[in-house]
Amino acid sequence: MGFDRILATQNPDGGWGWRPGASSWTEPSAYALLALAAAGARGPAYDKGLQWLRAQQLADGSFRPRPGVERPTTLAALASLVPGVWTGASRRDLTVDWLLRQKGRGSTFFEKFVGPLFRHRVDRPYEFNAWPFVPGTAPWLVPTAWAVLALERVRASRPDVAGRLEAGRTFLLARNCGDGGWNHGSSRALDIDAPSYPETTGVALVALHAVGGPVIERALDLAARQYAGCTSSEGLSWLSLALCAHRRQLPPARPPGKARTTVEVALEAMAAAAAGGRHILLEEP
Amino acid sequence: MISRRAWIGASAALAAGCARKPPLPPPRVSIVRVPAYDQSVYDTVARLFREHKVDVRGKRVVLKPNLVEFDSGTVINTNPLIVHAVWEAVRAGGAASIRIAEGPGHRRITYDMAEAAGYFSLIPQFEDHFTDLNTDEVSPVRLASAHSTLGQMYLPHTVLGADLIVSIPKMKTHHWMGATLSMKNFFGVVPGSIYGWPKNVLHWAGIAQSIADLHSTFGPKSFALVDGIDAMEGNGPVQGTRKHTGVLVAGWNLPAVDATCCRIMSIDPSQIEYLQLVADPADLALDHVRQIGEPIESVRTRFEMAPNFRHIRTSHLV
């Protein structure tokens, strides 16, 4: 079972590395905790992991990628999804406020309307206030998807997030590729459509679980076809999570791809739980 | 008796002569015809290593291929046969350790891409010898030059600790840079775990400028071997098409290697922005680079370019 592997590879400090035996980093630790939560394994190991993850929150509300690298990242949004990560509303609001302050670079008036006059033609780049991985860079699909899911969690107690939440969803929809799926967030460059990837198609569809319409339906059809031919563990897991999020029947079971990394093992466990009815990424607090 | 003015002038001339750096020997770049990815590649690579006196005895060596996309049927990635040939040459040369390392910029499923590209099947115990540079341990390093605004970066221990890096790119056009060769290959050392996917911080700092700064940091301990057997033309580096060029290009001077590759591709190297930043045009001039092996005119072929770079294509340039 995936969560057995996750428990077995937890570091003594409570976190998880990208691979077993490696030092603890925020992203694999967050995914490991999500997998344990999805399996209902919230015991001492989970609590120790939570303690480690909480310690990665910086004073401004962002999260560092690992101890010793004091750089803010949108991993704050991913960490927000881990059940029990917040010890109180103040720590949660610190992160939510940080997320609300983040805009992908290119969102100012100059960058939207004047900059493109001097730039190569790409997607209409920055018309939506979506999220970058790190401040000072452009918005991309994965951090925006994390942020959308994180802001959804708090929308009842924080009505001020509604505008950005909608902007994030709009960005995701706008970056839909010509083939119907999503890649890292660049659907077109130099007037040429870019292809989608299974794993990021899955990420986008999970984030857009509350959205319907023809774009979503077309994407779900593609996701089902991608599932049939995908050999990547991470790709299969995200596609499963996406199809479950939209209550689509999963295609016939596939042999899983080889899960080599902590994130891949965690995603397999999360996907298995979602197929069994518990979608940890969509749970309300 | 010498006048004071003459004495001052003579002293200044003497000081300038002492301060002037001795001219560097012309960089040597090999061009070898290799018609196909077959067993002859192994002997060819070994010969290139001898030709350029690549001494790996007791050294920690990192092989840095170009692994970009999840597609075995295209020319996006460095062919694993080339990487294995380099591996065997380095192993035979008595290296203390050998790692194959890459950090793809768009997709995070590195091991799956390597498997699809044939690395697992061709290179024994590949997973044991491979490092995903996107998720390696990192340390802060001040870049060795300041063409960009990057300044200091967190870079992977695997490349920081290497005594020798063999840059093994695929010869490709690039829709933002014109060409992507041995120097742009260093974008793959920037960890996505710190800077995200894609590594957009490099674009905002200036792509050409970032290439120049990463080259200044890693170039001095690097040897380049460019996989130009099946190259990519058109809308590179991902959506271009196959261009059989049938060459391997190698050398210690990465700008000279890249300039040579450009000439083979019928691209004017003086129009490549990152080459302009790192080298005086005279240092990359055809009559300054010592070409070994095939003459350029015998292997030069016209690469299709993205529309925004057609102006740098010079089919008449030798």
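Let's start with a pair inside chain A: Arg158(A) and Asp97(A) form a salt bridge, with the closest N and O atoms 2.6 Å apart. A salt bridge here is a side-chain nitrogen of Lys or Arg within 4 Å of a carboxyl oxygen of Asp or Glu. This one links distant parts of the chain, 61 residues apart: Arg158(A) sits in the loop between α7 and α8 of chain A, while Asp97(A) belongs to helix α5 (residues 89-101) of chain A. Helices (H or I, at least four residues) and strands (E, at least two) are DSSP runs, numbered from the N terminus. Over all chains, the structure holds 31 salt bridges.

Before going on, note that this is a predicted model, in which local features need pLDDT of at least 70, side-chain atom pairs count only at pLDDT 80 or more, and totals for chains, interfaces and linings use all residues. Residues are numbered from 1 along each chain as its sequence is written, chains are lettered from A and ligands numbered from 1 in the order in which they are written, and side-chain values use heavy atoms, with hydrogens and water left out.

Now for the two helices on either side of that Arg158(A) loop. The axes of α7 (residues 141-154) and α8 (residues 162-174) of chain A come within 9 Å and cross at roughly 145°. Those axes are lines fitted to C-alpha atoms, for helices over the stretch in contact, and the angles run from 0 to 180 degrees between N-to-C directions. From α7(A), the contact takes in Leu141(A), Thr144(A), Ala145(A), Val148(A), Leu151(A) and Glu152(A); from α8(A) come Arg164(A), Leu165(A), Gly168(A), Arg169(A), Phe171(A) and Leu172(A). Contact means heavy atoms within 4.5 Å. By class, these residues are seven nonpolar, two polar and three charged. Ala, Val, Leu, Ile, Met, Phe, Trp, Tyr, Cys and Pro count as nonpolar, Asp, Glu, Lys and Arg as charged, and the others, Gly among them, as polar.

Next, the interface. 43 residues of chain A are in contact with 31 residues of chain B. About 3,200 Å² is buried between the two chains, with carbon and sulfur atoms giving 57% of that area; buried area is the accessible area (1.4 Å probe) that two parts lose on being put together, summed over both. The rule finds nine salt bridges across the interface of chain A and chain B, and Arg260(A) meets Asp112(B) in a salt bridge at 3.3 Å, N to O. On the chain A side, β2 (192-193), α9 (198-207) and α11 (233-245) each supply at least two residues that touch chain B. That side of chain A has 18 nonpolar, eleven polar and 14 charged residues.

Over in chain B, have a look at Arg108(B), in the loop between β3 (97-102) and α4 (110-116). Leaving out residues up to four places away in sequence, Arg108(B) touches Trp18(A), Glu27(A), Phe133(A), Glu234(A), Asp132(B) and Trp197(B). Trp197(B) is joined to Pro198(B) by a cis peptide bond, with omega about -5°, and Pro198(B) lies in the loop between α8 (192-195) and α9 (200-204) of chain B. Another cis peptide bond runs from Gly236(B) to Pro237(B), with omega near 15°; Pro237(B) is in the loop between β10 (222-233) and β11 (241-251) of chain B.
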